[in-house]
Amino acid sequence: MSDWLTAPVPPAVRIGPLGWLRVLWRGSLIGSFCYGGLVFLLLVRLVEWPLCGAARPVTPWITQAVCRASLVVLRLPLLVRGRPMTAPGAIVANHSSWLDILVLNAATRVYFVAKSEVSGWPGIGWLARATGTVFIARKGTEAKKQQEMFEARLQAGHRLLFFPEGTSTDSIRVLPFKSTLFQAFFSPALERTMHIQPVTVVYHGPDGMDARHYGWWGDMDFASHLLKMLATPRQGRVEVIFHPEVPVDAFENRKTLAQHCERVIRTAHPNAEA
């Protein structure tokens, strides 16, 4: 586990003329879906907000449709096993790549919890804010404020999704879970009603390519990784496995809850011990 960050990264995909055509074709379509969907979402939100307030009964469906369409354009098949929970609560998943955003939004309607830096990323930050992403700062002084924000969003019926590993990986391993964010679910306002659903995301690389093809880690930049995804002629596939949800009050503290989720997700990941 200790040397995976310094291991040689998968070789860059050599983009020939056909590859650049795929980049232009797929990139144009996905860009149109994302920003066209964003405009439509904002227009719907103008009506949704006065009628429903913090609840968002309509706009998450737009986000899900855009993400499903984007995976079709990428030609990345998605297999969903298990069912998203219907009880109030949050989802935790392992984190391999920025692709997780498309994949998990396509699989279920959720709101991501992301580090505050993401809000300033060109293009992506706008999309994240518009789709209801919760941004958090990794500062102890912000803990109380962030817990109050989590409580408000969860009580409004929002299904929050966060990545307890704290970083993306090479897609063939699950890192130890950090328990800090789990503390929010042990507040008196939530502990008796909240459930947590572990979700395993498994990427299978294209035939004949490195198993880490979809991973995004270390010093990899977003632009080159995006180009590789758009140019890949024959994609692999991705699985999303929804495990049974568990009530928060069945666990003694945040650490035991985090350990349970990590164990369930790791056990279902075929390469987690590689």
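How many nonpolar, polar and charged residues are there, by class, in the lining of the largest cavity? The lining has four nonpolar, three polar and one charged residues, where Ala, Val, Leu, Ile, Met, Phe, Trp, Tyr, Cys and Pro count as nonpolar, Asp, Glu, Lys and Arg as charged, and the others, Gly among them, as polar.

The model is predicted, so local features need pLDDT of at least 70 and side-chain atom pairs count only at pLDDT 80 or more, while totals for chains, interfaces and linings use all residues. Residues are numbered from 1 along each chain as its sequence is written, and side-chain values use heavy atoms, with hydrogens and water left out.

**Stop 1: the cavities**

Select L41, R56, T59, P60, T63, V110, Y111 and T131, which line the largest cavity. A cavity is a set of points, on a 1 Å grid over the protein atoms alone, where a 1.4 Å probe fits but cannot get out; a pocket is an open set with protein on both sides within 12 Å along at least five of seven lines; lining residues have an atom within 4 Å of a point. The volume of the largest cavity is about 50 Å³, a volume being the space filled by probe spheres set on the points, with grid points joined across faces, edges and corners. Helix α2 (59–74) supplies the largest share of this lining, three residues. Helices (H or I, at least four residues) and strands (E, at least two) are DSSP runs, numbered from the N terminus.

A search of the whole structure finds two cavities of 30 Å³ or more.

**Stop 2: strand β5**

Keep L160 and F162 selected. L160 is found in strand β5, and F162 lies in strand β5. L160 counts as buried because its relative accessibility is 2%, buried meaning under 20% relative accessible area, exposed over 50% and partly exposed in between (1.4 Å probe, protein chains only). F162 is buried too, with a relative accessible area of 3%.

Show the surroundings of L160: not counting residues up to four places away in sequence, L160 touches G89, A90, I91, Y111, V113, V134, F150, R153 and L154. Contact means heavy atoms within 4.5 Å. On the same terms, F162 touches I91, V92, A93, V113, L181, F182 and F185. The C-alpha atoms of F162 and I91 are separated by 6.6 Å, although the two are 71 residues apart along the chain.

**Stop 3: S187**

Move on to S187, in the loop between β5 (160–162) and β6 (195–204). S187 is buried, with a relative accessible area of 2%. Leaving aside its neighbours within four places in sequence, S187 is in contact with Q147 and E151. Its side chain makes a polar contact with the side chain of E151 (2.8 Å). A polar contact is a pair of N or O atoms within 3.5 Å; within protein, one must be able to donate a hydrogen and the other to accept it, and residues adjacent in sequence count only if both atoms are side-chain atoms.

**Stop 4: the largest nonpolar core**

Select L99, L104, V199 and V201, which touch the most other members of the largest nonpolar core, a set of 33 residues. A nonpolar core is a set of buried Ala, Val, Leu, Ile, Met, Phe, Trp, Tyr and Cys residues joined through side-chain atoms within 4.5 Å. Among the elements that give two or more residues to this core are α1 (17–52), β2 (89–93) and α3 (99–107). The largest share, six residues, comes from α3.

Eight of the nine residues of α3 are buried, so this helix is largely enclosed by the rest of the structure. W98 counts as buried at 13% relative accessibility. Beyond its neighbours within four places in sequence, W98 is in contact with W216, F222, H225, L226 and M229.

**Stop 5: the second largest pocket**

Finish with R109, Y111, G157, H158 and R159, the closest to the centre of the second largest pocket among the 22 residues that line it. The volume of this pocket is about 370 Å³. By class, the lining has 13 nonpolar, six polar and three charged residues.
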